[in-house]
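Biologist: I've got the sequence and the model open. Can you walk me through the inside of it?

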Amino acid sequence: SDVPSLKPSQGPSVSLAPSQGPSLKPSQGPSDVLEPSQGPSPSGVPSDVPSLKPSQSSAPSTCSPITASYDGILKVPKCIDVGSACTSGGLLNSRARIKGTPEPNHPNTLDSCKDGFAGTYHKDESIDMVTVISATGCKLEANGTAFVQAQVYAYLNGVNDRADFYYNTGDENIPEWSVIAVNVPPGGGGVRTISSPNFTLSDSLVHSVRVIFRYQGSPMLCPEGAYDDADDLVFNVAAATAPSSTS
């Protein structure tokens, strides 16, 4: 069941792109690198994102980040408690059943969207961690602002890889995904941290986001590439402390 990577590590090669199954990846990317085509530019997100390690002070727990646990009903990681951030921890590490290290409880999506099966852990693409962070205060809350941070592994120099960020405006049982940002480059190869632009949380108390990390291709809610990874994270938020700006 372990499919080896079909991507050469050195030198150019012929790039095959069948609609299904693995494809040969060239070691050098095309010159016409895709740039974000939807959503606001991620350049406004600060690069110096604070550490997600809980503070050692006696600050209220709601001002500390929360680590998700696996929800056996939703079949994705979920943060039940409310904090300044919700992180998947190691629950999304790797992709499907790729060689070396399989992803726990894959595919970790609300709608059973499947991951690509080709490649090797930390040689080929994977999402290793997803975190939602409050951008407006010490805790995530309804009508507040947040952004998504994804720790990924990019193939070689990352020039062929892109991240897509989505926010669920529907119910967790029937997701309705809206774009936060797509075609966000990792900015290099190996382990990388990519941040989305800020987005506004609805007045619901339960929320979810999806991150897709893919090799080439185009943005889609459920990618079909052999090296593509899709992961969801569900999190609770506090009730709004201020009226919605849309009300």
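Biologist: Is tyrosine 215 buried or exposed?

Modeller: A word on the source: this is a predicted model, where local features need pLDDT of at least 70, side-chain atom pairs count only at pLDDT 80 or more, and totals for chains, interfaces and linings use all residues. Residues are numbered from 1 along each chain as its sequence is written, and side-chain values use heavy atoms, with hydrogens and water left out. Buried means under 20% relative accessible area, exposed over 50%, partly exposed in between (1.4 Å probe, protein chains only). Tyrosine 215 has a relative accessible area of 8%, so the answer is buried.

Biologist: Which kind of aromatic pair do tyrosine 215 and tyrosine 227 form?

Modeller: Rings of Phe, Tyr and Trp (its six-membered ring) pair if their centres lie within 6.5 Å; planes under 30 degrees apart are stacked, over 60 edge-to-face, the rest tilted. Here the centres are 6.1 Å apart and the planes sit at 70°, which makes the pair edge-to-face.

Biologist: And what about the rings of tyrosine 167 and phenylalanine 199: which kind of pair is that?

Modeller: Tyrosine 167 is buried at 6% relative accessible area, and phenylalanine 199 is buried too, at 9%. Their ring centres are 5.0 Å apart with the planes at 45°, so this pair is tilted.

Biologist: Which residues touch the most other members of the largest nonpolar core?

Modeller: A nonpolar core is a set of buried Ala, Val, Leu, Ile, Met, Phe, Trp, Tyr and Cys residues joined through side-chain atoms within 4.5 Å. The largest one has 30 residues, and those touching the most other members are Val148, Phe165, Val209 and Phe235.
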